[in-house]
Amino acid sequence: MVEYILGNYMISKGIMSKEQLDDICDRQDKIRVKLGLIAVSEGYITVKQAEEINRQQALCDKRFGDIAVEKGYITSPQLDRILKLQGNTYLIFVQSLVDEGIISIEGMDGIMEQFRQENGYGNSEMEVLKSDDVEKIIPLFLPPMDKEIEAVASIALKTVLRCIDRHVYPERAFFVDRLSTENMVMQTIEGGVNMTTAFLEESGAMVLLAGTYAREEFTVLDEDTLDAAAEFLNCVNGLYTAALGNQSISTDLLPPEYGSAEWEINEGMICKVPLWIRNRKMYFVVIK
């Protein structure tokens, strides 16, 4: 996540090109090995156990390492070693920039300070960004809001990161009082919590999301693409309602819908979270 957040900021400042960023991130993908593969290669878990954890990730809002520790497959010190072997994304990204002659270490320090000031972040928030810890980074892009909207938006982003593309990155969420769109999938949650969530296409990201989730190659936003995106939205909302179930809050998911829709809110709120997948844009929306 952090490589695309900072990389696109540097593109906006004319420091690097989109092609340079894509090339660096493609090479990082080959360097940054999945936790499961490292755990298996180190002899901590079996392939069968890794596959079991991957399946469970589709059913609960937890990270691979946390599930492995909870199941007793690995210890906390072993998880720490695996994470170190995986490497810090920010440091790998900066090293790649320096190796390619795009920027110096001193220049990167200047860019980070400029980024900090423009976004109104403190030093502690910048350290969170450098950590590439998804759980800690997401709140930077979800300003204080309704706790239920914040919870489902956080789960949506984490699920996209885990299941679709680890390079997905958000922009800051914002509120609107009117929404009209032709290219969307939506689903209503009823019961202890009442809200509608949706994915809105903007510039091709929802096509990528649907294709990755369905393991098909979609090129246009047709009925098949929308149907796959609706299934993924149902997965996101299922994870959210499962978490509510743990708090003894009863909810129901209505069947997903897709097509066009229009909302105007007099009482309540519409929250839009911009999401970028491989530099293509979409929105996760919560209407409450």
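This briefing describes the fold, the aromatic pairs and selected residues of one protein model. The model is predicted: local features need pLDDT of at least 70, side-chain atom pairs count only at pLDDT 80 or more, and totals for chains, interfaces and linings use all residues. Residues are numbered from 1 along each chain as its sequence is written, and side-chain values use heavy atoms, with hydrogens and water left out.

**Overall fold**

- The secondary structure comprises 13 helices and eight strands, where helices (H or I, at least four residues) and strands (E, at least two) are DSSP runs numbered from the N terminus.
- The radius of gyration is 20 Å, close to the 19 Å from the globule rule for 288 residues, so the protein is as compact as a globular protein of that length; the radius is taken over C-alpha atoms, and the rule is 2.2 Å times the number of residues to the power 0.38.
- Along the principal axes, the C-alpha atoms fill a box of roughly 50 × 45 × 40 Å.
- Of the 288 residues, 47% are buried (under 20% relative accessible area, with exposed over 50% and partly exposed in between; 1.4 Å probe, protein chains only).
- Among contacts (heavy atoms within 4.5 Å) between residues at least 6 apart in sequence, 67% join residues at least 24 apart.

**Aromatic pairs**

- The whole structure holds eight aromatic pairs; rings of Phe, Tyr and Trp (its six-membered ring) pair if their centres lie within 6.5 Å, and planes under 30 degrees apart count as stacked, over 60 as edge-to-face and the rest as tilted.
- Tyr4 and Tyr169 are stacked, because their ring centres are 6.1 Å apart and their planes stand at 25°.
- Tyr4 belongs to helix 1 (residues 2-12) and Tyr169 to strand 1 (residues 169-170), so this pair ties together parts 165 residues apart in sequence; Tyr4 and Tyr169 are buried.
- Phe199 and Phe232 are also stacked, at 6.0 Å centre to centre and 25° between the planes.
- Phe199 lies in strand 4 (residues 195-201) and Phe232 in helix 13 (residues 223-245), 33 residues apart, and both are buried.
- A cluster linked by ring pairs contains Phe199, Tyr213, Phe232 and Phe284.

**Helices 12 and 13**

- In helix 12 (residues 205-214), the buried residues include Ala205, Met206, Val207, Leu209, Ala210 and Gly211.
- The elements covering the buried residues of helix 12 include helix 11 (147-163), strand 3, strand 4, helix 13, strand 7 (270-277) and strand 8 (280-287).
- Arg215 follows helix 12 and has a positive phi, near 55°.
- Helix 13, with 23 residues, reaches 32 Å from its first C-alpha to its last, close to the expected 33 Å (1.5 Å times one less than its number of residues).
- Asp222 caps the N-terminal end of helix 13, with a side-chain oxygen 3.3 Å from the backbone nitrogen of Asp224.

**Gln187**

- Gln187 lies in strand 3 (residues 178-191) and, at 2% relative accessibility, counts as buried.
- A polar atom of the Gln187 side chain lies 2.8 Å from the backbone oxygen of Leu254.
- Beyond its neighbours within four places in sequence, Gln187 is in contact with residues including Met195, Leu233, Asn237, Leu254 and Pro256.

**Loop between strands 7 and 8**

- Arg278, in the loop between strand 7 and strand 8, has a positive phi near 50° and is partly exposed at 27% relative accessibility.
- Asn279, in the loop between strand 7 and strand 8, has a positive phi of about 60° although it is not a glycine; Asn279 is buried, with a relative accessible area of 15%.

Note on methods:
Polar contact = N/O pair within 3.5 Å; in protein donor to acceptor, adjacent residues only side chain to side chain.
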